[in-house]
Amino acid sequence: MSFGAKHLLGIEHLDSSDITTLLDLADQYADRPTDIAHRSVLAGMAQINMFFENSTRTQASFEIAGKRLGADVMNIAMQASSIKKGETLIDTALTLNAMHPDLLVVRHPNSGAVDLLAQKVNAAVLNAGDGKHEHPTQALLDALTIRRAKGRLHRLSVAICGDITHSRVARSNIWLLGKMENRIRLIGPPTLMPSQIGEFGVEVFDNIEDGLKDVDVVMMLRLQKERMDGGFIPSEREYYHRYGLNAAKLAHAKDDAIVMHPGPMNRGVEIDGTIADDINRSVIQTQVEMGVAVRMAAMHLLAQNRRDAKQAAGVMVRC
Ligand code: NCD
């Protein structure tokens, strides 16, 4: 089992074998998520979760994952932290670093902030979403969900639909699905589609019926209003009419196409509630379940690299 990286900052710099290693381990965790034997994996290690942006499922999922592996997990309420008193991100990071955590899980509203922080601390850093940039564990949990539902993670046709411009989930998924040799279709209004996106080897559609034709996977995205600085759509009603996933639009995809959404979901804006709840098509709850398994695998592999590096340093000192 080899996984080269010290941190998990994005999918961009992983190769396909790293991705497969992580998913294979996550698969095992998904089959036996609560096995007591897992408790030794991070025993004696400290995990600090720093969420500078609101989160429900990602933060809970990292916390459960760490606890199932036996780590001492601490959540810092960033809203009430010294950042509010004017301390910079780097000073906060250095303060935490002095407490010698092993794993730092960070979500931040600015793209690149998590990379910067990783350069300043000794801990292994996991990016839990930075601005519009990357959300690697989301793409990995999506990949595991797809692989388990479809039996493979290559040569599939995957449509990602909605607010692509503001979505770190879309970016990480484009990297990952591309590295695993899938066909990617991006669907959305031109106002929510980055202008250079064609260079990523994707097909772009502004008509959802055309974009969904014969796809295996339909991934819907939320309108990321918190990252919008103007009017990108005429109205939510109009958006739902043109891009909201309902049974009639889904009928253009393959009969066995699965429906995904990273959450939080806005029913009646990007997706019809009955489609989201249809257990024959929607794998949205499975995504949440796979999130814990993927985060267990990611922390397991980074912790293992950390132990190996410490051991190697110890050997060098003794020599
Ligand atoms: C996503 C995020 O935060 O980027 N959600 C998540 O992690 N489950 C997508 C979103 O907020 O719409």
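Which helices each supply at least two residues of the shell around the ligand? In this predicted model, the answer is helix H2, spanning 57–68, and helix H6, spanning 168–179. They belong to a chain that has 11 helices and nine strands in total.

Start with the overall build. For 319 residues, a compact globule would have a radius of gyration near 20 Å, and the chain comes out at 20 Å, so the two agree.

Now for the ligand and its neighbours. The space taken by the ligand is the largest pocket. Around the ligand sit Arg57, Thr58, Arg107, His135, Gln138 and Arg168, along with Val169, Arg222, Gln224, Pro262, Gly263 and Pro264. Sorted by class, this shell holds four charged, five polar and three nonpolar residues.

Histidine 135 puts a polar side-chain atom 2.7 Å from an oxygen atom of the ligand. Arginine 107 also reaches a ligand oxygen, with a polar side-chain atom at 3.1 Å. Proline 262 works through its backbone instead: one of its backbone N or O atoms lies 3.0 Å from a nitrogen atom of the ligand. As for how much of the ligand is covered, it exposes 320 Å² when taken alone, and the protein buries 95% of that.

Definitions and conventions:
Residues are numbered from 1 along each chain as its sequence is written. This is a predicted model: local features need pLDDT of at least 70, side-chain atom pairs count only at pLDDT 80 or more; totals for chains, interfaces and linings use all residues. Side-chain values use heavy atoms; hydrogens and water are left out. A residue is near a molecule or strand if one of its heavy atoms lies within 4 Å of it. A polar contact is a pair of N or O atoms within 3.5 Å; within protein, one must be able to donate a hydrogen and the other to accept it, and residues adjacent in sequence count only if both atoms are side-chain atoms. Accessible areas come from the Shrake-Rupley method with a 1.4 Å probe; for residues, only the protein chains shown count as cover. On a 1 Å grid over the protein atoms alone, a cavity is a set of points where a 1.4 Å probe fits but cannot get out, and a pocket is an open set with protein on both sides within 12 Å along at least five of seven lines; lining residues have an atom within 4 Å of a point. A molecule sits in a cavity or pocket if more than half of its atoms lie within 2 Å of its grid points. Helices (H or I, at least four residues) and strands (E, at least two) are DSSP runs, numbered from the N terminus. Ala, Val, Leu, Ile, Met, Phe, Trp, Tyr, Cys and Pro count as nonpolar, Asp, Glu, Lys and Arg as charged, and the others, Gly among them, as polar. The radius of gyration is taken over C-alpha atoms; the globule rule is 2.2 Å times the number of residues to the power 0.38.
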